[in-house]
Amino acid sequence: MDIKVRFFASLRDKMGRADDKVSFDKDEVTVGELWEKLSDSPLPDSILVAVNMEYTDASHCIKPGDEVAFFPPVTGG
Amino acid sequence: MKVVIESEGFDPYKAIVDYEKTMPQGKHGGIVTFLGTMRDFNDGEDVQSMHLDHYPGMTEKHIERVSQEAMDRWDIMDTFVVHRVGDMVPGDPIVLIAVWAAHRADSFDACRYIINYLKQDAPFWKCEITKSGDKHWVEHNSEDPGVAQRVAND
């Protein structure tokens, strides 16, 4: 399955890209597995994740067609 | 209920007057507003300008949700939120929250609820450019000493 990934703010700068497409040869992938494939390290507490624009965590199971976004703590308002 | 993500500068007072024209007149007894503006300092540094990034779609979704929560929780008539994105300079409005209600207590509580949860949940990120030319992402919002207790009570 192919997963669409987006990065924002300082994480976009750090990753060097605003989005990516990551391929897995299986249909059940967690957010944690996706992050480890992108960075070779476990998802740290300092990075937030949203799947289909809802906050979630590393144990969330990603489905085909989902949009996953990683970003630092928010600083609006 | 309306949420606007504004990429250009805006006049918050005109925005309130214009929005109020869409509402039935004479029904509300008060409007509580919060206006957040850009400071020229942060963490002891002089800030010359700022860029606000956001996650289009998710940002609107989360502000609409917190506005609806406020509508459900308090006896208020309407809410209006405008939040800037893009490039701005000190003094520019960043966020406007307006709450209309028949009585003041509910509108004060609802307005505070919206700004607190907006700051916690809505995906915006500030990138500051200091007078020395240094560009850095703000890592965390400044603490409102009462926020944790208020959220714990909510």
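Which pattern does chain A follow when read along the sequence? The answer is β-α-β-β-α-β-β-β-β. The model behind this reading is a predicted one. In total, the secondary structure of chain A comes to two helices and seven strands.

Next, consider the overall form of chain A. The C-alpha atoms fill a box of roughly 40 × 25 × 20 Å along the principal axes.

Now look inside chain A. Of its 77 residues, 29% are buried, which takes 20 or more other C-beta atoms within 10 Å of a residue's own. Contacts also reach along the sequence. Take the contacts in chain A between residues at least 6 apart in sequence. Of these, 50% join residues at least 24 apart.

Chain A also touches a partner, chain B. Here 13 residues of chain A are in contact with 22 residues of chain B. Which elements of chain B give two or more residues to the side that touches chain A? They are helix 2 (58–73), helix 3 (104–121) and strand 8 (124–130). Helix 3 of chain B gives the most, with four residues. By residue type, this side of chain B divides into eleven nonpolar, five polar and six charged residues.

Conventions. Residues are numbered from 1 along each chain as its sequence is written. Chains are lettered from A and ligands numbered from 1 in the order in which they are written. This is a predicted model: local features need pLDDT of at least 70, side-chain atom pairs count only at pLDDT 80 or more; totals for chains, interfaces and linings use all residues. A residue is buried if 20 or more other C-beta atoms lie within 10 Å of its own, exposed if 12 or fewer, and partly exposed in between; C-beta atoms are placed from the backbone. Two residues are in contact if their C-beta atoms, placed from the backbone, lie within 7 Å. Ala, Val, Leu, Ile, Met, Phe, Trp, Tyr, Cys and Pro count as nonpolar, Asp, Glu, Lys and Arg as charged, and the others, Gly among them, as polar.
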